[in-house]
Amino acid sequence: MNNLSPPVRPFACRVAVGAVAAAVTWLAGCASAPPGTSTTTASTAPAPTAPAPAAPASAAPATGSTFNIGPVTDPALRPSTSGIGGSASVAGQARTFSTQLATYTAVGYDALPGWGRDDFSEGWPAFLGSCRVLIGRGAQWKEICDRTRSVDPKNSAAIRGFYEREFTVYQIRDDDRRPDGVVTGYFEPEITGSRNYSPPNIYPVYGTPEDMLFLDARKLPPGNATVAARVQGRDVVIQTGAFNTRDLGSPGLYSLDLSAVTRDTLDRKVRLRAQGRQLLPYFTREEIETRGAPNAKVLAFVNSATALYEMQIQGSGRIRMANGEIIRVAYAEQNGQPFRPTLAQNKNGQPASKVRTRGGAIELELDNDDDDTGSDNTAGIRVRGFTLARPEQSGAVIVPGRATTGPVIGSGIKDPSYVFFKESAGGAGGPVGAFGVPLQAGRSIAVDPRSTPLGYPVFVSTRQPGTGEPMQRLTIAQDTGGAIRGAVRADYFFGNGTQAATQARRMKERGQLWILLPRGQAVAAASSSTVRTRGGAVGADLPQCLVPVEGQCVDD
């Protein structure tokens, strides 16, 4: 659950800057809670001597490649060459195709740096975990997952052969057709706390508020007018016809100012609340801290506002009680407010981390300097390779039904995004990600589900944080988060513990991604010649999602 985003990694969990970004798109960033297993190291095979994390793959399969594009004899399966509005692309038959955010180019397995050296048995449990969900996605996935039973789970070569037989590899490039992107990291933090309010444990960990309402953003009319809406249970339905204030006397009918609505969420859900006869965006962080959340269950109290904020960014965590009991929490919801963290400044007074605003979200801008690691920022919260400033002043927050002993000044954190949690099962496994399965340290990643569907194998080529050693391995996309935005974008799950925290906080490396698609799977519309501009391709008919899945990524 990377960060502050709605389940679609919901906020999941990690803020990734670029993530940190949107993180909250969801603040959460992740919808999953990082697994509690130890960090998996890179492949046990000898590391490549070449320092570069990944060499750009050729658009055409490499010589000797196991990938083969056979002739397409069925017109219904032949990929379109018009660029837009043609028949669906078919994995293994189309050399290239596009969505609004990404371009996918077929390559051979031998074009993947380090593919032959990876220990595939390490990540096999993660793929089998995905199969528990994927078997419900149609006959093709069921057949693929059924065939895993004949594979020796301890035989790396056998597992590699399985992937090469069942999947076709496509390199993911962004909407400018650049292969390089950003790989960050997240982990499962642990905070000291209590079931009851007892100083210094004064900061509540909230569950999902019962007064939060939801609206399908795809059903919003264009423009910024005020419209009438009806509340049915916890769902908001926009009414057709001209708005008339006299209609507000009707039971269940409210006014909604569309100019205040954030439409750009991955799960296409708008979070609202009712106040009188109006529907308003759900409360900001500051409002929750200084007014309380009386309609939300308090799961626990923790002793640090800063640590709680980091846990919200990560999307999951553990709360350790004085008696040794551990409460594991995972991303449940987000308040719908954009992720807008305060960035630490360098000695020149400029933000130490480079970010850009795009599509209503903050995205990580990879830089080659180390301004955000200098001594000026040692007091900052370090996540996903960038530094957030610690609040200058923090203090008591409002807790419903309890009097405060001092002035209510809140956490001092100005980010309006806020993540709500739910208790999750304990055990030795990792936290549950947005895909609904436990994450595996070293093999699970959070992605943008628009360009990389959850559950799919993804080969990542990047570098180890700190050492710069190549880190090239097959991972499984099992989480997402508001902070994880962009085509060539991955958030690597390091697990829990001190070492995992250190690695995740330092991880911000250039990287490349390749997705493994089931052979014969119909995906996005073919588009080998579409003209692109920054922010998307020209042509409204290009799909937003490579593989639209309700609740993870949905096309308009």
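Visitor: What should I know about the model first?
Guide: The model is predicted, so local features need pLDDT of at least 70 and side-chain atom pairs count only at pLDDT 80 or more, while totals for chains, interfaces and linings use all residues. Residues are numbered from 1 along each chain as its sequence is written, and side-chain values use heavy atoms, with hydrogens and water left out.

Visitor: How many cavities of 30 Å³ or more are there?
Guide: The structure has three. A cavity here is a set of points, on a 1 Å grid over the protein atoms alone, where a 1.4 Å probe fits but cannot get out.

Visitor: How much space lies in the largest cavity?
Guide: The largest cavity holds about 90 Å³, a volume being the space filled by probe spheres set on the grid points, which are joined across faces, edges and corners.

Visitor: Which residues are closest to its centre?
Guide: They are Tyr203, Glu289, Leu308, Val397 and Tyr418, out of 13 residues that line the largest cavity; lining residues have an atom within 4 Å of a point.

Visitor: Which elements give two or more residues to that lining?
Guide: Strand E10 (203–206), helix H4 (285–291) and helix H5 (305–314) do. The largest share, four residues, is from H5. Helices (H or I, at least four residues) and strands (E, at least two) are DSSP runs, numbered from the N terminus.

Visitor: And how do the lining residues divide into nonpolar, polar and charged?
Guide: Nine are nonpolar, two polar and two charged. Ala, Val, Leu, Ile, Met, Phe, Trp, Tyr, Cys and Pro count as nonpolar, Asp, Glu, Lys and Arg as charged, and the others, Gly among them, as polar.

Visitor: Changing topic, how many salt bridges does a search of the whole structure find?
Guide: The search finds 17, a salt bridge being a side-chain nitrogen of Lys or Arg within 4 Å of a carboxyl oxygen of Asp or Glu.

Visitor: Where in the chain do Glu166 and Arg147 lie?
Guide: The side chains of Glu166 and Arg147 form a salt bridge (2.7 Å, N to O). This pair links distant parts of the chain, with Glu166 in helix H3 (residues 156–166) and Arg147 in the loop between helix H2 (139–146) and H3, 19 residues apart.

Visitor: Is Glu166 buried or exposed?
Guide: Glu166 is buried, at 11% relative accessibility, whereas Arg147 is partly exposed at 37%. Buried means under 20% relative accessible area, exposed over 50%, and partly exposed in between (1.4 Å probe, protein chains only).

Visitor: Which residues are linked in a network of salt bridges?
Guide: Asp118, Glu122 and Arg443 are linked in this way.

Methods. On a 1 Å grid over the protein atoms alone, a cavity is a set of points where a 1.4 Å probe fits but cannot get out, and a pocket is an open set with protein on both sides within 12 Å along at least five of seven lines; lining residues have an atom within 4 Å of a point.
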